[in-house]
Amino acid sequence: MSEALYQPALLAHAKDTAHVGRPEGASLEARADNPLCGDRVVLFGVAQAGQIVRMGHTARGCVVCKAATAILAARVAAVPLNAATLAAWHRDLDQLLAGGAVAVDLAPLAPAAAHPSRHACVRLAAVAADGLWSAVSEA
Amino acid sequence: MTTPWSADFPFLAVPDRLSPHYLDNAATTQIVRPALDALVRAEVELRANVHRAVHARGEAATAALEAARSAVAAAFRVQGEEIIFTSGTTHAINLVAYGWGQRLQPGDRVIVSALEHHANLVPWQMLAERRGIELSVVPVDEDGRLDLAAFEDLIDHQTRLVALTHASNVTGAVTDVARVVAAARAVDALVLLDGAQMARHGPPDLEALGVDFYACSGHKLFGPTGIGVLWARRAVLADMLPMLGGGSMIRRVTLSGSTWADPPRRFEAGTPPIAAAIGLGAAISWLSVQDHSAMAAHEHALTERLLEGLRQRQQIRVLGPRRGRIGVVAITIEGAHPHDIAQVLDQHGVAVRGGHHCCQPLMDRFDLDGTTRLSLAPYTDAADIDAALAGIDDAIRQLT
Ligand SMILES: Cc1ncc(COP(=O)(O)O)c(C=O)c1O
């Protein structure tokens, strides 16, 4: 079970700098902290027509937290973040952590399901994404 | 491999036990057999409510609870009425911050340090909010020790209490209590020691230490969980307010008001954790008859073996002093997060802790997000240390 957690694919995501930092034109920012370990994810969003069309991040945390953040950022680069895609992200994480179906892009995170103490690491970026989404809705 | 204390720890005999190399003793130690036996006996043979029953079972339970109190008092070289059973160190310190601290006035000062566990910081911050007192902080030096010269500059006649840890749960540094007490006495301030990490190294001789409050937790000194001790001098306790109201802590209750029982009952409202307290008494009795210098030598030798191994690995930084420390060792590995390191060590059957260890201000002091902490006990052996070092090599390989 735990053998497979630190696979090359997971480590590669954690080191992926493709969407690190504040993208140009980003007017929104949201942050999530994990008080148990002090990990922190900050997301920056460029809003357009009520959706987030580009997203950058800075994640200070463990491999799992950083990889999950990078995968989310890659998703948003492909399909804008809105109520439906955010709900899909949560649903995919719920299924993955319950040991169920695993979305293709989330496969490197799947071994974390066996480690309940790491579930919060997988979800931290999602908490920040909720914050970003409320910022869009309020804007 | 066994140690002179292995036979007293039932967990070692469990086949295929979880986390066979258990190095998370600063968080919780394993239970010692006499404590487990006393706990089980109390729950099976003596289970009844205490203090009020006239039946034989209730009388026996009450006698066993009070015998546990006496055993703790004897080991700590104080009076039984001065021992209050709490749920742990956190509860004990909160009890002081409320029951004693509530009488403080604006202008009064409490001194803590940047090394404190949140349990010995947050209650004082809450008190400062409530009573408008000043909270001052002793800095920590590069080696993770209290800067006592700075402390001596800080302490003044406004200081009513100095609340410090006896040994750090991160850097392992042991506090020079005599020096702290001397400075406190000079200005008539009281001293509280957070003994959570120190008490398992041998029951504190409170008479010799010369402090005014001492707090510790059963689960960190080979006893049950959910139980701990607050000790304070009788005269100090007599003046303290109760924090919880309810049964057992009163003298007389009418609909218009109540008066309080004498200590210790004043501070033990409701049904206490009876079996846990009896188990704690057994753990402390066991601890008090061990050869403490042999225990210290064992822990020191293995701590040195660990430190030496860590020093040979360049990516590793060790927090804490070379000398004057207990077997609590916090490290960082460049480029690797403490939780990932702990996870890789878990694959090797090595239990360690990663994170801020409830010491966020100390992490800020060293500009760290967290550390990985290895902590030893009398049942730790060389195989545990070697497994940890092998796991650390693997963590370096996998994560950096
Ligand atoms: C130095 C120190 N103080 C206080 C505590 C709190 O102890 P407990 O959680 O048993 O109340 C701990 C435990 O982690 C500790 O290490």
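User: Where is B:Arg313 placed in chain B?
Analyst: B:Arg313 is in the loop between α10 (292-311) and β11 (316-318) of chain B. Helices (H or I, at least four residues) and strands (E, at least two) are DSSP runs, numbered from the N terminus. This is a predicted model, where local features need pLDDT of at least 70, side-chain atom pairs count only at pLDDT 80 or more, and totals for chains, interfaces and linings use all residues. Residues are numbered from 1 along each chain as its sequence is written, chains are lettered from A and ligands numbered from 1 in the order in which they are written, and side-chain values use heavy atoms, leaving out hydrogens and water.

User: Thanks! Is B:Arg313 buried or exposed?
Analyst: Buried, with a relative accessible area of 16%. Buried means under 20%, exposed over 50%, partly exposed in between (1.4 Å probe, protein chains only).

User: Which residues does B:Arg313 touch, not counting those up to four places away in sequence?
Analyst: Those are B:Leu389, B:Ile392 and B:Asp393, with contact meaning heavy atoms within 4.5 Å.

User: Switching to the sheet, what is the strand order in chain B?
Analyst: The order is β11-β12-β15-β14, an open sheet of four strands with antiparallel pairing. Two strands pair if DSSP finds at least two bridges between them. At the edges are β11 and β14 (353-355), each pairing on one side only.

User: And how many bridges join β12 and β15 of chain B?
Analyst: Four bridges, linking residues 328-333 of β12 with residues 371-375 of β15. Within β15(B), B:Arg373 stands opposite B:Ala330.
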